[in-house]
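Please look over the sequence and the three-dimensional model shown below. The briefing that follows takes its topics one at a time.

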Amino acid sequence: MTLAIVLAAEPHATPADRLVDQCRRAGASEVRRAADLDELATFAEAATGPVLVAGADLVAHTAVLRHLATSPVGPTVALVLTDPPSRGRTAVREERGQVVAAGPADELDGEVTGTFGGALRVGAADVPALVESARTVAAGVVAVGPAGPTGARPVGSAVDRLFADLAARGTLTFAHRVRLLVAHRVTDPTELAGAEAAVAAVDEDRAELRLSVKERDDFFTTYFVSTWSPHVTKLSARLGLTPTVVTMISIAFAVAAAVLFAVGDRPALVLGGVLLYLGFVLDCVDGQLARYTRNFSAWGGWLDTMADRAKEYVVYAGLGYGATAAGYRYGWALAIAAMTLQTVRHMTDTWYGALHDEAARRPKAVGGGGGIGDKLNAASTRVQADTGSLSYWLKRTVVFPIGERWALIAITVALFSPLVALVAVLVWAALAFAYTGALRTLRARWMRVGVLGTVDTSLHRDDGPLARRLPAVPWRRPLESAVNAAAGMAVLLVITLVVGEAVPRWVPLAALVWLLPAAGMARAPHGGALDWLVPAALRAAEYLFAIAVGVVGDVPAWVIFGYVFVLTLHHYDLTARLEKRKVAPPLHDATLGWEGRSAVLALAAIVGFAGIGMVTLGTYLLVVFMASVALAWVVLPARAARATAGPVGAGGGSPG
């Protein structure tokens with residue numbers, strides 16, 4: 001239920017009348033006109049959901065308001081225009097899509113990146129701050145931010161002053177940019193006529209279809225998918241397909257490709273490569289369809305994230321089986337290595353992104369006096385701004401994004417074999433990991449921001465009951481312990497691969513003892529500049545330990561792959577929840593934690609039942625994962641809907 005409030009001092013202003021109608025067509029459940037900020041505060045105070053606020057001087061396509069009202073980037077989103085700063089307009093400075101400062105252009109600390117567009121969508125949790133800001137500005141009081149009074153002088157219209165005050169209070173606000181469509185703020189009849197003409201000159205539906213494609217994507221996706229995928233998106237919309245349905249179809253294509261890779265003969269490999277490519281096209285279409293139809297949901301975002309990784313790893317399984325069936329002894333081993341490496345890479349991607357977001361929220365903590373990290377950051381910014389240049393595409397491609405991974409697999413498996421495809425993926429992924437890891441480490445040291453100090457550290461470390469009870473090792477730090485654990489497990493795995501079945505059964509127990517100091521860091525502060533690497537290091541330690549236990553216990557390689565695959569589902573669920581700002585999974589404690597699962601495997605290996613232990617624990621974790629998904633996305637929302645509706649109301653439905 002979205003309440004739209006049009007802030008218009010003049011009771012019969014033509015732009016305001018148009019905005020009221022546009023807000024209704026944009027999907028607002030209720031539209032009110034407020035003569036001043038006090039009246040706006042009164043209306044907003046009664047709202048039960050998000051509030052869309054627009055100033056009467058805004059002339060824009062209805063789609064602009066609809067996109068703002070339905071933006072999935074965050075609870076509170078502001079329209080930001082590229083117009084140069086002018087008198088009476090609130091200037092904006094943003095980093096990574098977040099508004100980090102707003103006010104008069106000459107008072108902002110840093111480069112101005114845009115101007116406030118006169119409209120914002122305020123999330124339900126931020127509505128009390130909106131109400132307080134409206135009343136504060138109406139009373140002429142200077143805003144007080146987290147660090148004290150801002151000192152900002154009043155700027156522009158009422159909606160400008162409102163937004164500046166809201167930003168000064170530290171409300172996390174994301175920027176919504178206008179592309180292809182038209183949005184202007186007008187001050188006189190001449191500007192009004194010009195803006196209306198500009199709006200009329202653009203085909204709104206055609207622009208929306210083009211907007212469904214990501215503005216900046218990877219090379220393969222840009223030139224070999226997005227050139228024709230919008231036609232599939234348009235057809236899907238006409239057929240009434242939802243993004244979730246398209247996601248399911250793309251999963252089916254990937255599974256079919258994996259089966260064909262496992263068969264192994266040339267026609268099957270070629271057909272599998274084609275299906276893999278088409279599956280990736282559909283993987284792009286589901287997001288484009290969501291943006292085109294504005295059909296966003298937390299469930300859809302979570303499913304898309306989980307499906308991307310699950311499809312990729314199912315394909316690895318097909319390649320591993322196919323390579324083994326062709327007579328290569330280490331086909332499954334290569335598939336396990338590829339999955340492990342990609343997962344650890346993705347964990348670093350997630351936490352490095354969180355680090356950047358934290359740095360954006362605390363810009364004063366950023367800066368290193370011109371060191372190498374500062375220079376790398378400036379160079380990266382220049383390359384990213386040079387869209388379409390050779391350096392831009394090299395930077396986008398060298399990190400081995402998903403489009404390039406799927407293209408590499410499809411081409412190498414069709415022309416050569418599953419073995420060549422797995423080796424190619426491993427080599428490129430390892431080089432990309434080394435490249436990004438080195439540069440990000442240098443840049444993170446320059447940022448001097450501790451990201452793990454602002455989240456539930458134990459949750460995203462994936463600690464269990466054992467870790468929460470172990471004492472901390474006073475002479476170690478969290479990152480040192482996590483890296484030490486991962487390095488130890490890497491050495492253990494190498495030894496087990498070289499020695500084979502001759503490794504004594506007690507070795508897993510010794511390895512577990514080596515792991516436990518990292519578990520003892522659960523309650524230690526994680527505010528170091530490089531502590532964003534801790535979750536990835538712990539994932540590497542757990543996966544390598546499980547693989548080593550499987551080798552020691554002579555567990556079939558496909559069983560080891562299946563067990564690690566289940567672990568990746570659990571860990572991607574945690575990272576998806578971090579990215580979607582969701583709480584912990586309902587049954588998180590039942591997953592035992594990384595140290596608890598390792599202890600169970602160690603005990604199973606010692607008593608000679610490593611295979612049975614791995615199958616049992618993997619099955620248990622999969623059941624817990626599926627039950628947690630059902631609780632999080634079906635049972636608990638339905639229960640909450642029934643509670644909200646009251647004793648007479650109807651219950652909720654399944655996610656969609």
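Leucine 180 is placed in the loop between strand 11 (173-177) and strand 12 (183-185); helices (H or I, at least four residues) and strands (E, at least two) are DSSP runs, numbered from the N terminus. This is a predicted model, in which local features need pLDDT of at least 70, side-chain atom pairs count only at pLDDT 80 or more, and totals for chains, interfaces and linings use all residues. Residues are numbered from 1 along each chain as its sequence is written, and side-chain values use heavy atoms, with hydrogens and water left out.

- Leucine 180 is not a glycine, yet it has a positive phi of about 75°.
- With 31% relative accessibility, leucine 180 counts as partly exposed; buried means under 20% relative accessible area, exposed means over 50%, and partly exposed lies in between (1.4 Å probe, protein chains only).
- Leucine 592 also has a positive phi, near 80°, and is a residue other than glycine.
- The loop that holds leucine 592 runs between helix 23 (557-579) and helix 24 (593-606).
- Leucine 592 has a relative accessible area of 26% and is therefore partly exposed.

**The protein as a whole**

- The secondary structure comprises 25 helices and 12 strands.
- The radius of gyration is 27 Å, close to the 26 Å that the globule rule gives for 656 residues, so the protein is as compact as a globular protein of that length. The radius is taken over C-alpha atoms, and the rule is 2.2 Å times the number of residues to the power 0.38.
- The C-alpha trace spans about 85 × 60 × 60 Å along its principal axes.
- Of the 656 residues, 53% are buried.
- Among contacts with a separation of 6 or more, 82% involve residues 24 or more positions apart; contact means heavy atoms within 4.5 Å.
- The protein exposes about 28,100 Å², of which carbon and sulfur atoms supply 63%. Accessible areas come from the Shrake-Rupley method with a 1.4 Å probe, and for residues only the protein chains shown count as cover.

- Helix 20 has 22 residues and reaches 31 Å from its first C-alpha to its last, close to the 32 Å expected at 1.5 Å a residue; the expected span is 1.5 Å times one less than the number of residues.
- The buried residues of helix 20 include Ala485, Met489, Leu492 and Thr496.
- Helix 21 (507-519) and helix 22 (534-552) are among the elements that cover the buried residues of helix 20.
- Isoleucine 495 belongs to helix 20 (residues 478-499) and, at 43% relative accessibility, counts as partly exposed.
- Val491, Val494, Ile495, Val498 and Val499 make a nonpolar surface patch of about 450 Å². Patches are made of residues with over 30% relative accessible area and no salt bridge, with like charges joined within 9 Å and nonpolar side chains (Val, Leu, Ile, Met, Phe, Trp, Tyr) within 5 Å. A salt bridge is a side-chain nitrogen of Lys or Arg within 4 Å of a carboxyl oxygen of Asp or Glu.
- An α-helix has 3.6 residues a turn, so residues three or four places apart point the same way.

- Tryptophan 446 lies in helix 17 (residues 418-447) and is buried, with a relative accessible area of 11%.
- From C-alpha to C-alpha, tryptophan 446 and alanine 529 are 8.4 Å apart in space, while 83 residues apart in sequence.
- Serine 71 is found in the loop between helix 3 (62-70) and strand 5 (77-81), and its relative accessible area of 8% makes it buried.
- Leaving aside neighbours within four places in sequence, serine 71 is in contact with Val77, Arg121 and Arg294.
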